[in-house]
Amino acid sequence: MNLSSITWRGDSIDDVEILRELPAALSRILADTNGFILHEGAVHVRGASLSPEWHSLRAAWRGQHAFCTLYEGIGPADIPFAQDQFGDQFLIRDNVVLRLFAETGEVELLTETVEEFFCGLSADVEHFLNVGLTHPLQPGELLLAYPPFVFQQSGATASLKPVRADEVILFHADLARQIRDVPDDGYVEFKIKD
């Protein structure tokens, strides 16, 4: 795997136990580079780390705000090992890689293997994951789109703001929960709190 675009690497592994529970392909990558960020935030692969929490695979998988507690369609065996700059999550389920669209909670197959996922990152991350490389982020940040991309009024006119990753993740999970039963042609009203 040639990932020459790594702009941040996790510290040394301090959660060795979790490596034993991961598919071999992911465990090998984390043993080599304990998680990393590509292109200043375009993609973040979590590490076998207890801290910082935003980088901890254990926290995302089994912590207080584990994805299986935030999203109805995610189970406790689904491994949330990576995310893109907007907070869409990449999960391993039965050795395939799924993409969780964070704003809606929808899940779709991305690749048949973990190796294919990392080959896609190596080859052309921009097209593979539909991410941009023009919004540099600090480690622990994600981009928050307003209005969210799921709404018709969004798209090219959405404002993109760097926000702490945990805040973006919780916002998206709450949004997905609230719009879960809204039909595709339905309307949503935002109430902004101070």
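**Reading the terms applied to a predicted model**

Author: G10 touches N34, G35 and H55, with residues up to four places away in sequence left out of the count. The model discussed here is predicted.

Reader: What makes these residues contacts of G10?

Author: The term requires heavy atoms within 4.5 Å, and N34, G35 and H55 are listed as touching G10 under that cut-off. G10 itself is found in the loop between strand 1 and helix 1 (16-19). In space, its C-alpha atom is 9.6 Å from that of S51, although the two residues are 41 apart in sequence.

Reader: Is G10 called buried or exposed, and why?

Author: G10 has a relative accessibility of 17%. Buried means under 20%, so G10 counts as buried.

Reader: How do you know that the side chain of H55 makes a polar contact with the side chain of H44?

Author: The distance is 2.8 Å. A polar contact is a pair of N or O atoms within 3.5 Å, one able to donate a hydrogen and the other to accept it, so the pair of H55 and H44 qualifies. A polar atom of the H55 side chain also lies 2.9 Å from the backbone oxygen of N34.

Reader: Why is T7 called neither buried nor exposed?

Author: T7 has 44% relative accessibility. Buried means under 20% and exposed over 50%, so T7 counts as partly exposed. T7 lies in strand 1 (residues 6-9).

Reader: Which residues does T7 contact, leaving aside its neighbours within four places in sequence?

Author: T7 is in contact with I37, L38, H39, E40 and G41. The T7 side chain reaches the backbone nitrogen of E40 at 2.9 Å.

Reader: Why is strand 4 (residues 79-84) described as largely enclosed?

Author: Six of the six residues of strand 4 are buried, so strand 4 is largely enclosed by the rest of the structure. For strand 5 (residues 89-93), four of the five residues are buried, so strand 5 too is described as largely enclosed.

Reader: What makes strand 4 and strand 5 a pair?

Author: Two strands pair if at least two bridges are found between them. Strand 4 and strand 5 have four bridges, so they pair, in the antiparallel sense. In strand 5, I92 is the bridge partner of I79, and Q89 is that of Q83. The two strands form a hairpin with four residues between them, and G87 in the turn has a positive phi of about 95 degrees.

Reader: How many bridges join strand 5 to strand 6 (residues 96-101)?

Author: Five bridges join these strands, which run antiparallel. Against the requirement of at least two, strand 5 and strand 6 therefore pair. L98 in strand 6 is the bridge partner of L91. In their hairpin, D94 takes a positive phi near 50 degrees.

Reader: Which residues of helix 5 are buried?

Author: They are V114, F117, F118, G120, L121, V125 and L129.

Reader: Which residues have the most contacts inside the largest nonpolar core?

Author: That core has 30 residues, and F81, F117, F118 and L121 have the most contacts inside it. Its largest share, six residues, comes from helix 5. Leaving aside neighbours within four places in sequence, F117 is in contact with F81, A82, F90, V97, L110, T111, F128 and L129. Apart from this core lies another, of 15 residues, among them V163, A165, A173 and A176.

Notes
Residues are numbered from 1 along each chain as its sequence is written. This is a predicted model: local features need pLDDT of at least 70, side-chain atom pairs count only at pLDDT 80 or more; totals for chains, interfaces and linings use all residues. Side-chain values use heavy atoms; hydrogens and water are left out. Buried means under 20% relative accessible area, exposed over 50%, partly exposed in between (1.4 Å probe, protein chains only). A nonpolar core is a set of buried Ala, Val, Leu, Ile, Met, Phe, Trp, Tyr and Cys residues joined through side-chain atoms within 4.5 Å.
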